[in-house]
Each structure stands twice: as C-alpha cells, then as structure tokens.
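Here are my notes on the model you sent. Please read them with the structure open.

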Amino acid sequence: MHRLLSVLLTFALAGAAAAQTNPFFAPSPLPFQAPQFDKIKDSDYKPALEEGMRQQLAEVEAIANNPEAPTFANTIEAMEKSGALLTRTAKVFFALTQSNTNETLQKLEGEESPKLAAHNDAISLNPKLFARVKALYDARESSGLDAESKFLLERYYRNFVRGGALLSDADKTKLRALNQEESKLSTQFHDRVLGDTNASAVWVDDVKDLAGMSEADIAAAAEAAKDAGKPGKWLITIRNTTQQPVLQSLANPALRRKVLAASEARGRHGGANDTRGIVVRMAKVRAEKAKLFGFPSWAAYVLDDQMAKTPKNAIKLLTDLVPGSTAQARRDAARMQKLDPQKLTAADWEFYAEKVRKRDYALDEDQVKPYFSLDHVLQDGVFFAAHEMYGITFKERHDLPVYHPDVKVYDVLDADGKPLAIWYADYYARPSKSGGAWEDTFVDQSGLLGTKPVVYNVANYQKPAPGHPSLLTFDDVTTTFHEFGHALHAMFSNVKYPTFAGTATPRDFVEMPSQFNEHWALEPKVFANYAKHYQTGAPMPQELVDKIKRSRTFDQGYALTEYLAAALLDFAWHTRTADMPMVPDAVAFEKAALKGYKIDMAQVPPRYHTTYFSHIWNGGYSAGYYAYLWSEVIDDDAYYWFKAHGGMTRENGQRFRDMVLSRGGTMPAAELYKAFSGHEPSVEPLLIERGLKEPPKEKSKVGG
Ligand SMILES: [Zn+2]
C-alpha cells in the first residue's frame, strides 16, 4: 500500500516536472494563446499528444457516465470544451509536419496518426455517449435551443452516425481496423511524395541549358544547388502540380521534357518512395468503410454530407464542362503548334503559351514580375483590399516567436482599432515543406472557450537569392489573395462553438471565400495600389495592365482541363464499390478513367497524377477535389452580386462579413448563401469568367 502510494507520488511529481517544461501543458501565456515556438522542442509533442488523448478520454468518460440526465450543457457543450490540450498540441504539430518537418516529426507522425485515429474512434464509437446525444437529438424540437445550438446538436448526431455509432459491434471492430489502416497509409503517402518530390529535382551542369530563364531564377537555381551541397551547379526543384512553372521560360526542349517527366514520374519509381501500392489499397479501404455505412461508394458517403449531396450532381457539373474546356484547349494548342514544326507536347505547352501571350497579347511574364514584389502585393494589395472591404488594418510585430526565420507575424486590428486576430505568413519554398499553399489555424475563435483566432498562410514561392526581391508571377499573386481569403474566413469568425469556427463549413463551400477574394487582385483601385515597380515605385503602365486583362482568359482551356481531369480522376477512384477487386495497376487505371471521361488529352495531363495527388490521399479532399469548381460557381455568383450592387464598398464588405464570413458552419451553406444574395447561385458567371461564354451586352443600368 505504502509502496504503491509512493509510486503514484513519483508519477505525480514526474508529471508536474513535465508540466513545467512542456509548453503545451498549459495554455500559452502569449497574446491570443499564440504558440510558444521559442520553447517548443521536438521532444515535447509526443508526451503532450498522448497526455492530451488521455485527458480527453477521461473527460469523455465523465460525460458519458454522468449520473444526471443528459442536457445540452452537460453533454454537447461539455464535449465542445473537452480535449483542450490535445487540440492545442495537434494544431501546432500538424502545422509543422506540413510546413517545417524533419525526420523526428515524420517518424512521430507515423506513430501518432494511427493512435489519433483510434482515439477518435474511441469517442465516436462510445455507446453511452451516443445514447446521451441521441436522447437530446430526439427531443430537439421541444428543447428550446437557439438556432446555433440546435444545429450543433444535429451536427453531433450526424457526426456520430457518420462515425459508425449505429453499427453492430462486429462492424465497429471492422471500422476501427480500416481507420487504422487508412491513417497509416495516408501518412506513408505524405512522406513518400515529399521524399520523391525532393529526389526528383533536376540537376543542370551547364548554365547554357538554362537559357530563357531570368537572371533571378538562375540565381535561385544556383542557390538551391548550393543548399543541396553542390555549389557550381544548378538545381531545378519540382513543384507541387504536374505542370512546372519553369517550363514557361526554359528554351531547351530536351530539358523541358526532362523536367516534366521528373514531375509526372513522382511516386512510380519503384523503391522506397513508390505510392502505387498505397493508393490502390486506400481506395479499397475507403470503399469498404462506405459499405459499412450503407453507401455504395466512398464518394457517395462523403457527398451525402456536402452541398452537392451526390456524386452524380458533382460529376455532372464537371462533365458538362469537359467539351467546352477541351475544345478551347485544342484551339489554343493549334495556335501554338504553328510556332514550332515539332509536335507540341505537354512539356512545351507553357513555353509556347508564353510566346502566344507575347505575340498576340504582347505580354511577357518577365516584364510583369518586377511589378509584383511580394511586399507590395501583400501590403498594398491583399491588406489594402481587406481594409477597403472590411475596414481592418495590419501591423507587423517582431516580439512573437516563429518556427522558421522566414515566417512573419502580424496583428490584425478591427475597424474600431481593437485586436481581431494574429496572422502568420510563411511564403517561401524549402525542402522541409509540402508543396502547394494553404491556410489553417493555431487557435480557433470560439465564444464558448473565449478564444480568438490565430491564423496562418503557407505558400511555396521561390525564395529569392540574397539581395534580390521576391518577385511573383500573377499566378502567385492570385494564390496570395486566395489563401488570405481563407484567413479572413477564420479571422472574422464570430461563433459560439469551436466546431463551427471559421472555415468549418462543408468542403464544397469552403473554397468560396478564398476564391471570392481572388477577384480583388484585378480590381482597378486595388491593382493600381500594389502593382508598382520594385525599383522605381512606378505604377504598372496602363498598357501592360490592359494586356494582363486581355490575356486573362487565354490558356484557361489548359487550366480548366487539367483541373477537370484531376477532379474526375478523384471520382474514378472513389466511386468504386467494395465488391470490386483492388485495382491491379494504378497507372493503367488512371489512363482508362480519363479516357472514359473523354478528357485524355496527351498535351494536357491532369493537374495531379494519382501517384502524387496529395489532396485526395492525404489532404482531406478525397471525393472532394470537385469542391473548388463547386465553390467557384458560388464565388463568381457572389462577385457578380457585388458588381450589381456597387462593387467593392465598405457597406457590401460588411454585409458579406456579417452574413457569410463571420458565420462559419453555423447553418447550412446553401441557406447561408441564399440569405446573403437573395437567390440560388447560377453557373453563368463562372462560364463568363472562364471565357467559355460571352458576357451579356451591358444593360443601361442594373436595377436595385
Ligand atoms: Zn483554398
């Protein structure tokens, strides 16, 4: 007895010592509970994640076994308050495994992800807890709950059911095993794609082969080679998507082919970084999970909880656009083919597209880029637009710790000058970062928890060589506005429950605020404010501005076709039923699927091939890549609403903030949008914006 007590005491003391040194064990004392990156060590994550899971399970057990009858407060609100340590830790941990990983973190992610999957199952498959949720749900109409609380209760019930709460014990056991396997495969996929993307960088020995590239880009390639341990050579790193930005300027066709081939072969080299076996197994695992839930396919299960409702609705939106999109791509290809006697391939596309841009629109990226320095784009473009629309202001601060020296931190102040959010910007590519760009939070806004948003944006812009400014392409400019649109969604969040905070909407709505924000990049008063020469400060000549606008729909055939191909590929994998055998050959399957959807253009490969399609295998977009286009229908519709109501004004911005951005997931997205705009979204604005349809003749005046 005494002995046991002393053992317990030792444990308690060890726990106390850990609590003192582990920065996750108490809420951060920094403003808005911003993470203490100066104190966090790699060794802190494991104990904090595991103690966080233990604490949340204890909290959940207490809720499930509460002798009092279930009430909204002692069950649903109590659940919303549970897991504080786990959330605090996991948000930072998964931010860093994406943006600044290392072998220790990758190994830990591999260990902890299946444990987290099991942890989630332990909660959503807890029968006593579900019984309480169900009792409340069944009595919801007479409970007198306010709308947000009632919607939260419905969300809980739905999440439990979708998590397997209604399954038999035997099926629950099967589900747990499938979740474990999926979690392991997903982490493996992530590590292998990162590894193979880094390993696929193309070495260049002779600077002559880089003819066509700008001096700054060549300097950056030399810097990358130096960082990789081979000074005196050049390294072309492979970026996220199939098509590579460098192909726009590389004059050497053999090197162009080599770069594109390196990009497309990711994940199918055989060996330690091959992903083919992982994806075929994952597709099978997901189909089996869907079957347990009573759905014919994973896509049917996923879309049941989205705006689109069924794969059929989403696939229809995509396939309706295939003929127009591929026809436009073919017309563009024919224009480019005239410039070269050699057969135009996918590797040549961007190079000749650039030539056509120069010839027909007299637009040259290298002429444009000096006007898009990252500093101007951010301060005088992105921040300026947000100020015009919402009245908010930004102030860089240097007192908060960061996880990498490239990261910058800003205070976001509301129109009345009060602190609204803290925002981190991490824009430069590095080998420890996954490809692409994204937004997420370290802390979510919640009235219940009294927390305010701590938000971050990550991108992969080429880091300039020392002494050079960071000059963006117009694509990068658009990405900066896009990710900041997500950030605004998180910063303006004004909800009670953390489950509904900011971007916690259906996935096919969540890209709406971000894509909506892209529109302001070309708004005349915004554009004039940021597009200034980085050396002279001179505004971009009007002539060049007009050229950008005129050329905007050029090459949209490629952009839309590569996107549609990837989105349909996602459905090809995820509409398979559990009874179908595992796909024997991922590459052959992909080929046949694209052919089946009549989108198999050799000159326009999918934006992501199956073997490095991180969105669908590890990025939370399985059966969800269509969501960008679904959201685009709505964001273009919203933009046209603005156009019809006086454009970019504080008044319109406030309405959008109050009725859309601040509402998070507190009501069904379709209702939320209709309340804002007064109508169902139409696909017309998208067709016009994409250049697939002529804009209507200007009417004398839009009424109302
Ligand atoms: Zn987005």
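1. Basis. This is a predicted model, in which local features need pLDDT of at least 70 and side-chain atom pairs count only at pLDDT 80 or more, while totals for chains, interfaces and linings use all residues. Residues are numbered from 1 along each chain as its sequence is written, and side-chain values use heavy atoms, with hydrogens and water left out.

2. H17 and H18. Two packed helices are described by the angle between their axes and the distance between the axes. For helix H17 (residues 474-491) and helix H18 (residues 507-518), the axes come within 7 Å and cross at roughly 135°. H17 is therefore oblique to H18; angles under 35 degrees count as roughly parallel, over 145 as roughly antiparallel, 65 to 115 as roughly perpendicular and the rest as oblique. Axes here are lines fitted to C-alpha atoms, for helices over the stretch in contact, and angles run from 0 to 180 degrees between N-to-C directions. Helices are DSSP runs (H or I, at least four residues), numbered from the N terminus.

3. Residues between H17 and H18. Contact means heavy atoms within 4.5 Å. On the H17 side the residues include Phe481, Phe484 and Leu488, and they meet H18 residues including Val510, Pro513 and Asn517. By class, this contact of H17 with H18 has five nonpolar, eight polar and two charged residues. Ala, Val, Leu, Ile, Met, Phe, Trp, Tyr, Cys and Pro count as nonpolar, Asp, Glu, Lys and Arg as charged, and the others, Gly among them, as polar.

4. H3 and H6. The axes of helix H3 (residues 72-81) and helix H6 (residues 127-138) cross at roughly 115° and come within 10 Å. Phe72, Asn74, Thr75, Ile76 and Met79 of H3 make the contact with Leu129, Arg132, Val133 and Leu136 of H6. By class, the contact of H3 with H6 has six nonpolar, two polar and one charged residues.

5. Cores. Which residues touch the most other members of the largest nonpolar core? They are Phe372, Trp423 and Tyr530, in a core of 140 residues. Helix H21 (residues 556-574) gives the most to this core, with 12 residues. Another core, of 30 residues, lies apart from it and has Leu85, Phe93, Tyr403 and Phe442 among its members. A nonpolar core is a set of buried Ala, Val, Leu, Ile, Met, Phe, Trp, Tyr and Cys residues joined through side-chain atoms within 4.5 Å. Buried means under 20% relative accessible area, exposed over 50%, and partly exposed in between (1.4 Å probe, protein chains only).

6. Trp423. Not counting residues up to four places away in sequence, Trp423 touches residues including Leu378, Phe383, Tyr456, Phe484 and Met491. Phe484 is also one of the H17 residues that meet H18.

7. Tyr621. This residue lies in the loop between H23 and helix H24 (627-644). Tyr621 counts as buried because its relative accessibility is 12%. Leaving out residues up to four places away in sequence, Tyr621 touches, among others, Arg507, Val510 and Glu511.

8. Positive phi. Most residues other than glycine have a negative phi. Gln33, in the loop between helix H1 (2-21) and helix H2 (42-64), has a phi near 60°. Lys598 has a positive phi of about 55° and is found in the loop between helix H22 (586-596) and helix H23 (614-617). Gln33 is partly exposed at 31%, whereas Lys598 counts as exposed at 63% relative accessibility.

Terms used: Helix = DSSP H or I, 4+ residues; strand = E, 2+ residues; numbered from the N terminus.
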